[in-house]
Amino acid sequence: MTINRADPLVLGIETSCDETGIGIVRGTTLLSNTIASSMDEHARYGGVVPEIAARAHLDELVPAINAAVAEAGIRLSDLDAIAVTCGPGLSGALMVGVGAAKALAVALDKPIYAVNHLVGHVGADLLQGELRHGDTKTGDTNTGDTAPLEYPTIALLVSGGHTSLLLVRDLVSDVELLGETIDDAAGEAFDKVARLLSLPYPGGPQIDRVALGGNPKAIRFPRGLSQPKDMAVHRYDFSFSGLKTSVARFVEQRQDAGEPVPIGDVAASFREAVVDILLTKALAACADYGVPRLLLGGGVIANKRLREVATQRTDAAGIVLRIPPLSLCTDNGAMIAALGAQLIMAGHEPSTLQFGADSTLPVGQIQV
């Protein structure tokens, strides 16, 4: 089986949580990025229900593949390879994507690359052809003529299921996990605090909306694992459970006293605490490892305040900030295809068909 290693045409499949993502890339050029979300089906439960997510993937995969192929203007037979997320994520959801990828690989007689979901978020930054933040750090977007990603890079990945800090020495061969959340992920904390404030799911956009009218300095909520004793053991780890509890106690005290809850101030102050601890830890890693580059990824990066403060603080520290287009920050198949293409171009051999879904796949295992 001969693979085009110069400029491979790769289809990526991403089903680690509640978004069915199909992306097609040629080398580093993005051709299509189709995402079908089952978020509305989970909203009534206030969070992602694994069984519902898996069933939604079954329903959406074939239409999403057809849409992506049509948008890219290719035929499935044109593909050089299939790439698929095999972990980490929800087991049942991952199984759907893995099964579909194997079926395509066998039916088309194409090589398959089983890759790490978290590393894929970093790979999204390599794609050209979408509006992006860029390296000018003005907050403006451009059309993809940004300088290539340099190594090493510190990557902060923030989503509903993951909050991780990585040291990326090389995307396809050397990624180290520096720290991660020891309880709730940041996205989960947004959802839980939104529920405390009687705001709908998903919580991130709702917190953002009501925070616009609030004072971020009104309430000093705790910054988890930031005390000297914590930093000695958990310098790059995150904790948002205590912050969520602090918000709950504040709301309960107001309600018990018969006083109105200042929802705008609570939302703004909570958001400021999350943003502060995320960036403090990330910038500490940049300083400790002497890496003047920070890449942000994951769905929570859609938070406007996080992007604003990240720009301000990296400017002050002389650190280059990279943020992929928002359409490539949430879970998507394009980032998986991009990582697959990078593995191919670097000469890595395909995965065998013996791999399975691994809900706890370690970040250092880039390909299975």
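This is a predicted model: local features need pLDDT of at least 70, side-chain atom pairs count only at pLDDT 80 or more; totals for chains, interfaces and linings use all residues.
A residue is called buried here when its relative accessible area is under 20%.

**Overall shape**
- A compact globule with 368 residues would have a radius of gyration near 21 Å, and the protein chain comes in at 20 Å, so the two agree.
- If you're setting up a box, the C-alpha atoms fill roughly 70 × 45 × 35 Å along the principal axes.
- Take the contacts between residues at least 6 apart in sequence: 74% of them join residues at least 24 apart.

**Surface and charge**
- The accessible surface of the protein chain is about 14700 Å², and carbon and sulfur atoms account for 51% of that.
- There are 29 positive and 42 negative charges in the protein chain, and their mean positions sit 5 Å apart.

- Strand β1 (residues 9–14) runs antiparallel to β2, with 6 bridges between them.
- Ile13 has Ile22 of β2 as its bridge partner, and 4 residues make the hairpin link from β1 to β2.
- On to the next pairing: β2 and strand β3 (residues 29–37) are also antiparallel, over 8 bridges.
- Across that pairing, Ile24 stands opposite Ser32 in β3.
- The β2–β3 hairpin has 2 residues between its strands, and Gly27 in the turn shows a positive phi of about 65°.
- Strand β2 (residues 19–26) is largely enclosed by the rest of the structure, because 7 of its 8 residues are buried.

Conventions: Residues are numbered from 1 along each chain as its sequence is written. Side-chain values use heavy atoms; hydrogens and water are left out. The radius of gyration is taken over C-alpha atoms; the globule rule is 2.2 Å times the number of residues to the power 0.38. Contact means heavy atoms within 4.5 Å. Accessible areas come from the Shrake-Rupley method with a 1.4 Å probe; for residues, only the protein chains shown count as cover. Lys and Arg count as positive and Asp and Glu as negative; His and the chain ends are not counted. The place of a charge is taken as NZ of Lys, CZ of Arg, CG of Asp or CD of Glu. Buried means under 20% relative accessible area, exposed over 50%, partly exposed in between (1.4 Å probe, protein chains only). Two strands pair if DSSP finds at least two bridges between them.
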